[in-house]
Amino acid sequence: MDALIALLPGDGIGPEVIAAARSALEAVGKRGGHRFRFSESLIGGAAIDACGDPLPPETTKACRDSDAVMLGAVGGPKWSDPNAPVRPEQGLLGLRAELAVFANLRPVRVNPHLTAASPLKPELLANVDMIVVRELTGGIYFGEKHRDETSASDLCTYHVYEIERIVRVAAELAMQRRKKLCSVDKANVLETSRLWRDTTDRVLAAEFPELEVETLLVDAAAMHLLSRPADFDVIVTENMFGDILTDEASMLAGSLGLLPSASLGATKCGLYEPIHGSAPDIAGQGIANPAACIASAALLLRHSLELEEEASAIEDALDAVIADGCRTADLAAPGEPALSTSEFSAAVIEQLR
Ligand code: NAD
């Protein structure tokens with residue numbers, strides 16, 4: 001296969017983890033006889049510094065011309081003034097809208113070798129293996145914003161078609177897994193959530209009668225995620241609830257540095273990124289955990305390039321090096337030696353060979 005992959009390293013640890021993901025893609029490509037070509041473009045704070053625009057038109061074009069897009073992370077203290085007219089996150093939200101990637105898949109799996117890294121009791125973590133499907137291009141993050149001296153508002157809007165398409169993505173995934181789907185909303189308070197629930201109930205009853213369906217209010221879901229995480233198979237929810245619940249779920253796995261994501265739309269060109277941010281507290285030190293970004297590269301191979309064997313090879317290599325005891329600083333026990341970003345990445349590549 002010949003594929004062009006757009007790399008957007010972004011800010012903070014973004015360039016460090018993207019370099020690791022690129023090496024993993026090159027290694028698995030070489031092994032399978034594929035030709036992966038890469039372009040590299042600016043986004044976020046780095047793009048604001050270079051040209052005053054967090055999503056320059058050349059970046060959008062490079063992404064549109066590619067088979068898939070990999071992003072590191074955007075943001076950092078240098079650009080964090082909330083009143084600044086341009087902010088790094090606008091680059092990311094703009095890109096998601098440009099690529100029309102409305103479905104954000106966030107797999108959360110607990111590696112049995114890492115249960116000690118989670119604040120939860122090990123017995124709660126056995127067999128945790130879920131995918132959170134977060135609606136990505138609607139809701140309060142994209143609604144009209146208003147601010148005056150004494151008040152502010154953010155409008156939350158959902159349309160039936162936006163709910164129908166995300167519920168179908170989640171239900172189809174659940175059909176390939178344990179056939180359990182949990183829909184999360186706040187239908188006791190929010191009108192958008194009442195529309196969410198009515199639409200979800202209708203689509204699931206009519207099109208996916210085989211699924212075991214559970215509906216939870218978001219506050220209860222936050223609790224159940226910690227009290228019975230292994231019960232969940234696929235969770236579907238709106239934009240902001242999904243954002244918050246997946247950061248919470250990352251603690252089941254042990255570190256934000258482990259969790260990948262895939263953002264998919266109507267075309268094959270998806271956007272792949274770790275769920276963590278630019279981690280300014282550790283940026284430039286070469287100690288970031290690249291596992292989430294490398295695992296995002298595996299999702300890219302699976303969902304955009306349909307290279308399932310290569311995707312599994314990367315996931316297996318990550319599992320194998322962790323089973324061998326390779327740990328970056330975020331996962332190392334106190335006093336245990338930690339690998340640098342490039343040492344961890346080299347171990348994964350060695351495993352892939
Ligand atoms: P963060 O995810 O960057 O960091 C939270 C904590 O987790 C930090 O202590 C960090 O060191 C640690 N961490 C994160 N990724 C890690 C990794 N790969 N290896 C080891 N440790 C890791 O969240 P934050 O501190 O709230 O935000 C920092 C900046 O990132 C902000 O500007 C924020 O807006 C931005 N952000 C960007 C994205 C994105 O680009 N998708 C997502 C979230 C936050």
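Q: In which helix of this predicted model does serine 345 lie?
A: The model is a predicted one. In it, the stretch of residues 341-352 forms a helix, and serine 345 belongs to that stretch. The helix asked for is H12.

Q: Is serine 345 buried or exposed?
A: A residue counts as buried when its relative accessible area is under 20%. Serine 345 has a relative accessible area of 7%. Because this value falls under the cut-off, serine 345 is buried.

Q: Leaving aside neighbours within four places in sequence, with which residues is serine 345 in contact?
A: Serine 345 is part of helix H12. Once its neighbours within four places in sequence are left aside, the residues in contact with serine 345 are Ala20, Ser23 and Pro290.

Q: How many residues of strand E1 are buried?
A: Strand E1 covers residues 2-10, nine residues in total. The strand is mostly covered. The number of its residues that are buried is eight.

Q: In which sense do E1 and strand E2 pair?
A: Strand E2 is made of residues 35-40, and six bridges join it with E1. The sense of the pairing is parallel.

Q: Which hand does the β-α-β crossover from E1 to E2 have?
A: Leaving E1, the chain passes through helix H1, residues 14-32, and then reaches E2. This β-α-β crossover is right-handed.

Q: In E3, which residue is the bridge partner of leucine 8?
A: E1 also pairs with strand E3, residues 68-73, in the parallel sense over five bridges. Within E3, the bridge partner of leucine 8 is leucine 71.

Q: Within what arc do the buried residues of helix H4 fall?
A: In helix H4, residues 88-98, the buried residues are Pro88, Gly91, Leu92, Leu95 and Arg96. Seen down the axis of H4, they line one face of the helix, because they fall within an arc of 130 degrees.

Q: Against which elements do the buried residues of H4 pack?
A: In H4, the buried residues include Leu92 and Leu95. The elements against which the buried residues of H4 pack are E1, helix H2, helix H3, E3, strand E5 and strand E12.

Q: What phi does alanine 100 take?
A: Most residues other than glycine have a negative phi. Alanine 100 is placed in the loop between H4 and strand E4, and it is not a glycine.

Q: Is asparagine 127 buried or exposed?
A: Asparagine 127 is found in the loop between helix H5 and E5, and it has a positive phi of about 65 degrees although it is not a glycine. A residue counts as exposed over 50% relative accessible area. Because its relative accessibility is 67%, asparagine 127 is exposed.

Q: How far apart in space are leucine 264 and alanine 100, C-alpha to C-alpha?
A: Leucine 264 lies in strand E11, residues 260-264, and is buried, with a relative accessible area of 18%. Leucine 264 touches Ala100, along with others including Tyr272 and His303. Along the sequence, leucine 264 and alanine 100 are 164 residues apart; in space, C-alpha to C-alpha, they are separated by 7.9 Å.

Q: What separates the C-alpha atoms of leucine 105 and aspartate 65?
A: Leucine 105 is in strand E4, and at 5% relative accessibility it counts as buried. Among the residues it touches are Ile131, Val169 and Leu264. Aspartate 65 is 40 residues from leucine 105 along the chain, and their C-alpha atoms are separated by 23 Å.

Q: Which element gives the largest share of the lining of the largest pocket?
A: The largest pocket has a volume of about 600 Å³ and is lined by 26 residues. The elements that give two or more residues to its lining are E4, E5, helix H6, helix H10 and helix H11. The largest share, five residues, comes from H10.

Q: Which residue of E10 stands opposite valine 184?
A: Strand E8 is largely enclosed by the rest of the structure, because five of its six residues are buried. E8 pairs with strand E10, residues 234-237, in the parallel sense over four bridges. In E10, the residue opposite valine 184 is threonine 237.

Key: Residues are numbered from 1 along each chain as its sequence is written. This is a predicted model: local features need pLDDT of at least 70, side-chain atom pairs count only at pLDDT 80 or more; totals for chains, interfaces and linings use all residues. Side-chain values use heavy atoms; hydrogens and water are left out. Buried means under 20% relative accessible area, exposed over 50%, partly exposed in between (1.4 Å probe, protein chains only). Two strands pair if DSSP finds at least two bridges between them. A crossover is right-handed if, with the strands pointing away from the viewer, the path from the first strand over the helix to the second runs clockwise. The arc is that of the directions from the helix axis to the C-beta atoms. Contact means heavy atoms within 4.5 Å. On a 1 Å grid over the protein atoms alone, a cavity is a set of points where a 1.4 Å probe fits but cannot get out, and a pocket is an open set with protein on both sides within 12 Å along at least five of seven lines; lining residues have an atom within 4 Å of a point. Grid points are joined across faces, edges and corners, and a volume is the space filled by probe spheres set on the points.
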